[in-house]
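Here are a few friendly notes to read alongside the structure. Keep the picture open and find each element as you go.

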Amino acid sequence: MDQCRFPRQCGSRLLPAGGIGSNRQARIWISQSERSAVTIKPKSLSSPKQSFGENPVELRESRNYTKEYVKGFVEKWDELIDWKNRAQSEGDFFIQTLKQHRARSVLDVATGTGFHSVRLLEAGFDVVSADGSAEMLAMAFENGKRYGHILRTVRADWRWLNRDVHGEYDAIICLGNSFTHLFAERDRRKALAEYYAMLKHDGILILDHRNYDRLLDNGFSTKHTYYYCGEDVTAEPEHVDDGLARFRYRFPDDSTYHLNMYPLRKSYVRRLLHEVGFQQIDTYGDFQETYQDEEPDFFIHVAEKSYREEQEEFEA
Ligand SMILES: C[S@@+](CC[C@H](N)C(=O)[O-])C[C@H]1O[C@@H](n2cnc3c(N)ncnc32)[C@H](O)[C@@H]1O
């Protein structure tokens, strides 16, 4: 098991308290240039270019994500999501949802650069940060240190989560449109079954994805308010069909990266969640309980493991 087990109290606070996105005067935000100046770059990791082969729209493989999150893209990821703006647009949604379900221990299975892991640590949760990408975890670890936390990181692919991560959790989060990286239905079912198995009997899974129904049915539009909050950064589809949404991410320095993703429909994800055993699934649109289906940019599913003997038939 490739897991760092540092006690949380070892982390000295590098930045003043106040939380990500806090408006408090005391909060110091490290600029992108300062951040790169202090980044300790892991020597052992190479920095290949993204490669999607001769015909990029034909590459539809669950395992390809490690080749998509190359070092250059990972270093740009925080420019894309913009921690401060993202924290403000999400508000306390995840923290409140976890508290309502009395969650204390959280497994972040799609840690990325650590945005939610750090937020939840700052809110007092006990967090383990997993991801299948070593590049992402290295960046998350550095980001954690900047906020005064030593992240407990584990490199783990969701499809073999139980093999590589130990313990049971009150909550599992799979956020930031991550589940969309799985292309085969058996991979999606396996990953959900792994999440389910790692939850306590009354645990919850929070999983989100882009509103692909709208993209597939009506074409692309975005409020540019949630998730990808960076200014002067664009995230737009280059190709969309029933089995692929290929997005292009363009940065102010003209660098361009791509991600190939599976366009998940809302009712399909709800059905899969139900079929692996989650009975109660609440789906929010851009963090709101009520919405018209075509309005939100993102859907967030909160799925409960608690078994209800008398529950009526599920409606996707
Ligand atoms: C779109 S990023 C989101 C990162 C972060 N949650 C955020 O919101 O910024 C997707 C993340 O999922 C991870 N990932 C994709 N497929 C995976 C898999 N099969 N197992 C483990 N991690 C995976 C990637 O390495 C990447 O860090």
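1. Strand β1 (residues 105–108) and strand β4 (residues 169–174) run parallel and are joined by 3 bridges. Across this pair, L107 of β1 faces I172 in β4. Please keep in mind that you are looking at a predicted model.

2. Now step back to the whole sheet. It is open and has 7 strands, in the order β3-β2-β1-β4-β5-β10-β9, with mixed pairing. At the edges lie β3 (153–155) and β9 (280–285), each of which pairs on one side only. From one strand to the next, the twist averages 20°.

3. Two helices that pack on this sheet deserve a look. Helix α7 (residues 134–146) touches β2 (126–131) and β3, and its direction makes about 175° with that of β3. Helix α9 (residues 185–198) touches β1, β4 and β5 (199–210), and its direction makes about 145° with that of β5.

4. Just after α6 comes G124, which takes a positive phi of about 100°.

5. Finally, visit the ligand. Which of the 19 residues around the ligand come nearest? They are G112, G132, S133, G176 and S178. The shell as a whole divides into 8 nonpolar, 8 polar and 3 charged residues.

How values were computed
Residues are numbered from 1 along each chain as its sequence is written. This is a predicted model: local features need pLDDT of at least 70, side-chain atom pairs count only at pLDDT 80 or more; totals for chains, interfaces and linings use all residues. A residue is near a molecule or strand if its C-beta atom, placed from the backbone, lies within 6 Å of it. Ala, Val, Leu, Ile, Met, Phe, Trp, Tyr, Cys and Pro count as nonpolar, Asp, Glu, Lys and Arg as charged, and the others, Gly among them, as polar. Two strands pair if DSSP finds at least two bridges between them. Helices (H or I, at least four residues) and strands (E, at least two) are DSSP runs, numbered from the N terminus. Axes are lines fitted to C-alpha atoms, for helices over the stretch in contact, and angles run from 0 to 180 degrees between N-to-C directions. Two residues are in contact if their C-beta atoms, placed from the backbone, lie within 7 Å.
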